[in-house]
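Let's take a walk through this model, starting with a ring and a charge and then moving out to the sheet. Have the structure open and follow along.

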Amino acid sequence: MEISELYNILKEHPTVTTDSRECPEGSIFFALKGASFNGNAFAKKALDEGCAYAVVDEKEHAAAGDGRYILVDDCLKTLQLLANHHRRELGTRIVGITGTNGKTTTKELTAAVLGERYNVLYTQGNFNNDIGVPKTLLRLTKEHEIAVVEMGASHPGDIKTLVDIVEPDCGLITNVGRAHLQGFGSFEGVVRTKGELYDYLRAHGGTAFVNGGDSHLMGISQGLKLVKYGLEGVDGAEAAGETTVCDPYLNFRWHTKDGEWHEVRTHVIGSYNMMNMLAAACVGLHFGVAPEQIDHALASYVPKNNRSELEVTAHNSLIIDAYNANPTSMGAALANFRDMKAGRKMAILGDMGELGAVSAEEHQRVADMLKQCGMDEVWLVGGEFGRTDCPFRKFNNVEEVKQAIEACRPEGFTILIKGSNSMKLFQLPPLL
């Protein structure tokens, strides 16, 4: 079946699902494959549960004579092509966002800012891979005026794959750091892959929003139509600012080029979020959002999903940043925590995943930094931290941490909780 034919079916049945456990009436099921599952085997179940059509790529799972089965060569590729076709048909303006750290927060802040003036569609959660991105695009309707699409990567070429589906009109890279080194091979591989967004914008006359104070990003931005933002003093920045207080919430002030200062009190933890705020402000200005509307959006944003959250319990104050961790974000979180004014400080840190050959070196670097931070208590979780040379208490996994809390719960601390999602430290806040 041609994509144009499938698109005609989509217009009649605009809901797409890839999960046979979630089959809205009249939806289209795409039988995707993974390392441990084959969606083709669930196509009949999806139809029985209410789907109008099932897109499969294995003939034996398409019942002969049943027009509800649509046989294609590759279900994932078909999903991506269909999403791109839909994007082209609607012609919605799209802002693409990638980066090592802060891309999800920046996406949400940008959507909040643009939402002050426009009907905005944006990536939900972290649906930023080769499946999540096309599913995001397929949620676009004629009512949406702008879309903000997050794109993630863990291997070379990942961003090129996604930008070819999304075809963004403009975009930004939050930063480049030492993450997913096992997949990228090196920091230079990270820079090249994230830079694939710039490559697309450069080739198609798009606009890039760039932190003018980031030498790595400025170094690969030649030939682009640039709109700069950054800390006060960055030459030519359309949005520039500086932190005023970060104890524990970030308060900052910013101004437009040649404009007056605006004071913003946020609900996010960490001075490292300053650039995310300025990036969102810069995008908003570009699309005609008034500075006062930008102030309102940034001040109203409340983080969730275990990112830069502050939770005060009956026993402790928790800084929850347990969704992800890499050497760059871990260093920034510890520096911010070190400088924060608090009585008794404790850190519970989990392993940083996907670092490959440099994992031992990077975990030792964090352990050494901890020695200089003056924490009252430090718990390290995971095998990688377990092999570091340091005086801190170590646990093999989160279950051991739970047992320690049950035996003797820490009381009266400000506790930083950070680690890769695979360490499951997000299970700890209810116990603390």
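Start at Trp 379: Arg 393 lies over the face of this ring, at 5.1 Å from the ring centre. (A charge counts as over a ring if NZ of Lys or CZ of Arg is within 6 Å of the ring centre and within 35 degrees of the ring normal.) This is a predicted model, so local features need pLDDT of at least 70 and side-chain atom pairs pLDDT 80 or more, while totals for chains, interfaces and linings use all residues. Residues are numbered from 1 along each chain as its sequence is written, and side-chain values use heavy atoms, with hydrogens and water left out.

Trp 379 also has a ring partner, Phe 395, in a tilted aromatic pair with 5.0 Å centre to centre and 50 degrees between the planes. (Rings of Phe, Tyr and Trp, the latter by its six-membered ring, pair if their centres lie within 6.5 Å; planes under 30 degrees apart are stacked, over 60 edge-to-face, and the rest tilted.) A search of the whole structure turns up one such pair. Both residues, Trp 379 and Phe 395, are buried, meaning under 20% relative accessible area with a 1.4 Å probe, protein chains only (exposed is over 50%, partly exposed in between).

Trp 379 sits in strand E17 (residues 377-381) and Phe 395 in strand E18 (residues 393-395), so the pair ties together parts 16 residues apart in sequence. Strands here are DSSP E runs of at least two residues, and helices are H or I runs of at least four, numbered from the N terminus.

Elsewhere, Arg 253 lies over the face of Trp 261, at 3.7 Å from the ring centre.

Now for the sheet: nine strands form an open, mixed one in the order E6-E7-E5-E8-E9-E10-E11-E12-E13. (Two strands pair if DSSP finds at least two bridges between them.) Strand E6 (120-122) and strand E13 (262-269) are at the edges with a single partner strand each, so one side of each lacks a neighbour in the sheet. E6 runs parallel to strand E7 (residues 146-150), joined by three bridges, and Val 120 stands opposite Ile 146 in E7.
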